[in-house]
Amino acid sequence: MNDDVPVSSRRRLRRTAVAVLGAVSLLVLAACGSADPTPTATSSPAAFKPVAQQQGSEITVWADAARVPGVQAYQKAHPNVKIKIVTYSGDANGANDLQTKVQLFDRTGSGWPDVAFSANVNDASWASQGKTPYAAPVNQGVISPSTLKGFADGALNPCTFNGNTYCLRNDLAQNVLWYNKALMDKFGYSVPTTWEEYQALGEKVAEEHPGYLVGTAGDAWSPEVYFWASQCPASTATGAKKVKVDLRDAKCTRMAKLLDTLIAKGSVSKDTVFSAGFIKNQASKVLMLPGPSWFGQVLFNSTFKTPKGQIAAASPPKFEGDAKNYTGNVGGGLWFVSSHSKNLKASADLVTWMTTSDAYQGTAGTYPASKKAAVTWLANQKKTGYFAEDVGPVFKESAELIWPGWAATQYSQEAIYSSTVVPALNSGKTLTDTLDTWQTAITDKAKSLGYTVD
C-alpha cells in the first residue's frame, strides 16, 4: 500500500538527478574514507534496548520515488512480510522532512517509520542523537557483523557516531575524473594525473579550443568535488559537535586559485551542469569533468545524451607533493532501522536486502556501497557498452580514496555554497575573494546548530 506524504516541488532538472542518485541529496556529504573521521566516545557505547517485539507485525517503510520499486521488489520476493510503503521526498535537495516528522512523532510518542531511506548523507548526524535516537544502532545485534563488514572501506563512516553504526549506506558517489576520450584523442591530449597538469591542460584548452570545458564551479556540490579532494578543512570533526573550519588553509587556497585561473580563462564554467542552458549549449563541449560516479549514466548518458563509446573515467588527480590522491563524494543515501520498531527482524532484513542484494543493487542506478553488489553492478555496467573503457578499476579504486577529514554534519555544505559562493561568482568575484565570507557562513550555521567551531 502506498501513502503519499505531501512535499513541496523541488528544483527542476536537479530533482531528477537526485532521485536516480540516491543522494545527491545533495548534500553535503560526509566523510567516507579509509579512516573514521567521526570522533568516538572514550567510554563504551550504551547498550541498545529494543522495544517489545511483535514478530510478524507490519512494518512501515518510508522511501523516495526512486527507491519505492526496490521496496516493492522486496515485498514481492517476501510475500509473508507485511509492509506499508510511504512515498516521501527522501530528504533530497536539502529537505528535512524526515527529521521534522520524527520530531513530531517524538512529541506524540508514536508514528515512527520502521525503516526510512534518506538521500541526505548528513541525516545520521541527527538520527543518532538524543536520549532515544530515532535510528537503532544496527551494530548491536540488529544487522549481522558479516553484513557490516561487507561494505566498502569507510562507506559506513557517515553512519558511525560514538562507537555505534546507525544506518547502512545505499550507494557511493565517489568522485572520479570523467573525460571524453574521443575528444581527448582528437585534440591529442593526455589525461592529467595531477591537479597541476589539470590546470595546465585547462589553460591549453582555453587557448587552443575556446569554449570547451574541463570543469564547472557553479554546482551546489562543487565543494565536495574540488575542495574535498584538496583536503580542505571546511568542516573537519575535532570532537563531539566540534568542527574545524579554516578556508584560509593552504589546501583550500590552492584549489580556489586553480579554479579562479580556469574560470578566468573560460575552461571552467560558473554554471551548473543541470541547467537548461548548459545542457543545450555546453554539454557537447565537455572535455573533462571531475564529478561523482553517477555522472556516467545520469549526466552523460541520460541528460547530455553523449553517444556511446566516448566517455571514460580516470583516477582522481593529486597535488604534486601530496603523498597520495584523495577524492570526495556527492551523495550516497542512507537506510535507517528505527529504534522504535516492534519488528526489528523484518526491518533489518529489508534494509539488508535493499543495500546488498544483487537482485536490486546489481541493477541500480548508482554504485553500491556493498562490495559484493558492486562487483555485479560493475559487470552490468560493462555489459551496457556505454563507456569508452571499463570504468570498474577506477570506480573501485576511488571508492577507497575518500578523504576522511570532511565530516558529516547537521548543516549542508551545498546549501551554504549555493547561497554564498555561487552568487558571488556570478557577480564577478573570484573564489579566493569569497573564502572569508564562505567561512563566516559555515561558522555561523554550525554555531546556530550547537557546534563549537575551531
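Which residue of β14 stands opposite L177? A314 does. This briefing describes a predicted model.

**Sheet with β8**

- Strands β13, β8 and β14 form an open sheet in the order β13-β8-β14, and the pairing is antiparallel.
- The edge positions belong to β13 (288–292) and β14 (311–314); each has a single partner strand, so one side of each lacks a neighbour in the sheet.
- On average, neighbouring strands of this sheet are turned by 35 degrees against each other, with direction ignored.
- β8 (residues 175–180) pairs with β14 over 4 bridges, in the antiparallel sense.
- Within these two strands, L177 faces A314 of β14 as its opposite residue.
- Helix α15 (residues 392–399) lies across β8 and β14. Relative to β8, α15 runs at about 155 degrees.

**Sheet with β11**

- A further open sheet is built from 3 strands in the order β10-β11-β16, with mixed pairing.
- Its edge strands, β10 (236–239) and β16 (452–453), each pair on one side only.
- β10 and strand β11 (residues 242–244) run antiparallel and are joined by 3 bridges.
- A237 has V243 of β11 standing opposite.
- In general, strands of a sheet pair through backbone hydrogen bonds, in either a parallel or an antiparallel arrangement.

**Packing of α16 and α17**

- Helix α16 (residues 413–426) packs with helix α17 (residues 431–448) at an angle of about 150 degrees, and the axes are 10 Å apart.
- Because angles over 145 degrees count as roughly antiparallel, α16 is roughly antiparallel to α17.
- The crossing of these two helices, α16 and α17, is right-handed.
- On the α16 side, the contact is made by Q413, I416, Y417, T420, V421, A424 and L425.
- On the α17 side, the contributors are L431, T434, T437, W438, A441, I442 and K445.
- Sorted by class, the contact of α16 with α17 has 9 nonpolar, 4 polar and 1 charged residues.

**Disulfides**

- Searching the whole structure gives 2 disulfides.
- One of the disulfides is formed by C159 and C167, whose sulfur atoms are 2.0 Å apart.
- The link of C159 and C167 is left-handed, with -100 degrees about the S-S bond.
- A disulfide is, in general, a covalent bond between the sulfur atoms of two cysteines.

Methods
Residues are numbered from 1 along each chain as its sequence is written. This is a predicted model: local features need pLDDT of at least 70, side-chain atom pairs count only at pLDDT 80 or more; totals for chains, interfaces and linings use all residues. Side-chain values use heavy atoms; hydrogens and water are left out. Axes are lines fitted to C-alpha atoms, for helices over the stretch in contact, and angles run from 0 to 180 degrees between N-to-C directions. Angles under 35 degrees count as roughly parallel, over 145 as roughly antiparallel, 65 to 115 as roughly perpendicular and the rest as oblique. A crossing is left-handed if the near helix is turned anticlockwise from the far one by less than a right angle, and right-handed if clockwise. Contact means heavy atoms within 4.5 Å. Ala, Val, Leu, Ile, Met, Phe, Trp, Tyr, Cys and Pro count as nonpolar, Asp, Glu, Lys and Arg as charged, and the others, Gly among them, as polar. Two strands pair if DSSP finds at least two bridges between them. A disulfide is a pair of cysteine sulfur atoms within 2.5 Å.
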